[in-house]
Amino acid sequence: MASACSAQLLCFNILVFIFFCFTGRVSGQGSPVYACDTAANPGVASFKFCNPAAGVAERVTDLVGRLTLPEKIGFLVNAAGSVSRLGIPKYEWWSEALHGVSNVGPGTHFSSLVPGATSFPQVILTAASFNVSLFEAIGKVVSTEARAMYNVGLAGLTYWSPNVNIVRDPRWGRAQETPGEDPLLTSKYAAGYVRGLQQRDDGDTQRLKVAACCKHYTAYDVDNWKGVDRYHFNAIVTKQDMDDTFQPPFKSCVLDGNVASVMCSYNQVNGKPTCADPDLLAGVIRGQWKLNGYIVSDCDSLDVFFNSQHYTKTPEEAAAKALLAGLDLNCGSFLGKYTNGAVKQGLVNESVIDKAISNNFATLMRLGFFDGNPSKQLYGKLGPKDVCTPANQELAREAARQGTVLLKNTAGSLPLSVTAIKSLAVIGPNANVTHTMIGNYEGIPCKYVTPLQGLTASVQTTYAPGCANPACSTAQVDDAKKIAASADATVLVMGADQSIEAESLDRIDLTLPGQQQLLVTQVANASKGPVILVIMSGGGMDVQFAKDNDKISSILWIGYPGEAGGAALADVIFGRYNPSGRLPLSWYPQSYADKVNMTNMNMRPDPATGYPGRTYRFYTGPTVYTFGDGLSFSDFKHRLVQAPKAVSVPLEEGHVCRSSVCKSIDVAEQTCANLGFNLLLRVRNIGKMGGSHTVFLFSSPPSVHNSPQKHLLGFEKISLAPKGEGLVQFKVDVCKDLSVVDELGNRKVALGQHVLHVGSLKHSLNLRI
């Protein structure tokens, strides 16, 4: 009888649980988590740390002084402990917001109250817009939705985004999460998105809307390639490559974005785990860059450097090394388990723990976590009505449009005319996908518009997947050929998904997966009208076959375009939007993957070994498409209006370069003060269609210190009506923009001839003393 009652009770509990899940009224939902609740616990009002009028530093000192050692240790991990006697509840630090509020981390949940959030394009596509104001606008929407979800108990205030690692190798599975291969673009994305997430509408720079985190610091871009994984990889990086390629985005995050957090990575750099390297953490992030915030480990990376890398003999030593290096928060439980032992063994002092938790508490103070009821604070009135708003969803569509890159367009092929095209064949394994469109670190989107749905809204379509999935082990060619042969135009939506490129999964090949190339070629040969090849992917693909095939009239790359990707694609194909996206990373031939070891971290080529180097800045071999490539439905012409032919660098009396020949001089404050010039361009839209145009300013510096063959100094987006024209101005800071990093990691002003490029326009500038 007892067992029957237990069974009935169990069934009842399950029904209750299901009811609460569907109604959104589960424990923890409905109200935000916060400390200093004076209404429920009047006694806490006397604590200085609960006084919002006091300064952050004195509030933190007061709070730390009231804690026991075990309580302090409880605040070193992401699932932070509670101290009920002080009115401090548990807090979960780990939430994600890479391209929309995500439920990947345990700090965020969706329910019937908030069933989804706006899912923007994956970062690599947003970066292709080269639009800093867009980066910031997306961050602002994401933080508003995050605050709205926090207010109903569904989200936290600390988000471990963005990912600002440089894409050094085209095979990297996480390229999709990043802004691409260029340090300047990545730096501008990092600072822009962080500002969007963090900056408050009241202009209070000391406080935060939500706290962002730039990751994964540093030289991290091997996940799992031919048996080499991120948990065991030791990145051997020169000082020169570190300072002019891998570090700039993180530096910009801290200095320009004022980011609240930096996350150290799993890998070692030159023999040291990044999360145990005092030079990288305390020395650079905290010391040189003056981080105002906390340093967090990637999840379980302390466990990784102890158990997988065997960097220390005991777990207590590992805990001590991380804390002494400058780590403040451990994603995982390692510090929770072993810090007390490390203190007892004399490996670390309690004062080091005080310093770490002080950084964590200061961040929560700036977020208002210790200011009592959030409903009485700025953003306290946000709620479910502010998530997935029509305006937010329209921004997701606009971001996908702005990032879409037109790589090939045989004269007159695109845009298609909705009056001339009566039928459209839509083919491919990614033609009617939903989840694939949003990439990884995703949330639940408000809704999906697939490519097929977007195109069907414009014209009558017939559809054949052609492959069961992007791996395409066997192509079903006959049905696809049949519908292409009778349609007025054909759209093939091919590419990758998370089974091909993802976290913990690097690619081996750069070609289209499986039999996709066979499908594309046969359909193109059978088609009656123009053929548009659409690539959905994070990393680049070797599509040289399609570039060379006259039957394939157009090629579009749409990254992973987010919840409105299908609508945005249709907007471009049917000419409702003039594409302006440009590739944020180079697309290499398969021969690159055959020859180049992914684990070679060197950016610069080595003629002695035939090593071709990395990215457009240093790579000396052939590409399918390169960084910055992209077409429009209009042509834009540039004309140089103003630029100096020579700039003199002032030197103090007695400088060695006054009496001897120098190829470069150290970047120094007295030399560089106000040393710059304006470069002015007139841009004209000579086409019949209005649209935006990205103006790139590149420089080829003198050949000193193994300098880049070309690098990006700036980019500006201009919108022009048909036959319209406008002025674009670049402010060039000589010491920042025309300097290079030498072999020892020092920044030097390169003397001699610099060639400035804008499109096909070139201008020589002599930098002299």
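What volume does the second largest pocket have, and which residues lie nearest its centre?

Modeller: Keep in mind that this is a predicted model. The second largest pocket comes out at about 650 Å³. Its lining is made up of 30 residues, and the ones nearest the centre are Arg582, Gly630, Leu631, Phe636 and His693. If you sort the lining by class, you get 15 polar residues, eleven nonpolar ones and four charged ones.

While you have the model open, have a look at helix α19 too, which spans residues 565-573. That helix is mostly covered, with nine of its nine residues buried. The buried set runs through Gly565, Gly566, Ala567, Ala568 and Leu569, then on through Ala570, Asp571, Val572 and Ile573. So what sits over them? After α19 comes Gly575, with a positive phi near 75°.

One last stop is an open sheet of three strands, in the order β6-β8-β9 and with mixed pairing. Its edge strands, β6 (234-235) and β9 (272-273), each pair on one side only. β6 runs parallel to β8 (residues 268-269), and two bridges join them. Asn234 has Gln268 of β8 as its bridge partner.

Technical notes: Residues numbered from 1 in each chain as written. Predicted model: local features only at pLDDT ≥ 70, side-chain atom pairs only at ≥ 80, totals over all residues. Heavy atoms only, no water. 1 Å grid on protein atoms, 1.4 Å probe; cavity = no way out; pocket = protein on both sides within 12 Å on 5 of 7 lines; lining within 4 Å. Points joined across faces, edges and corners; volume = space filled by probe spheres on them. Nonpolar A, V, L, I, M, F, W, Y, C, P; charged D, E, K, R; others polar. Buried < 20%, exposed > 50% of the residue type's maximum accessible area, 1.4 Å probe, protein only. Helix = DSSP H or I, 4+ residues; strand = E, 2+ residues; numbered from the N terminus. Pairing = 2+ DSSP bridges.
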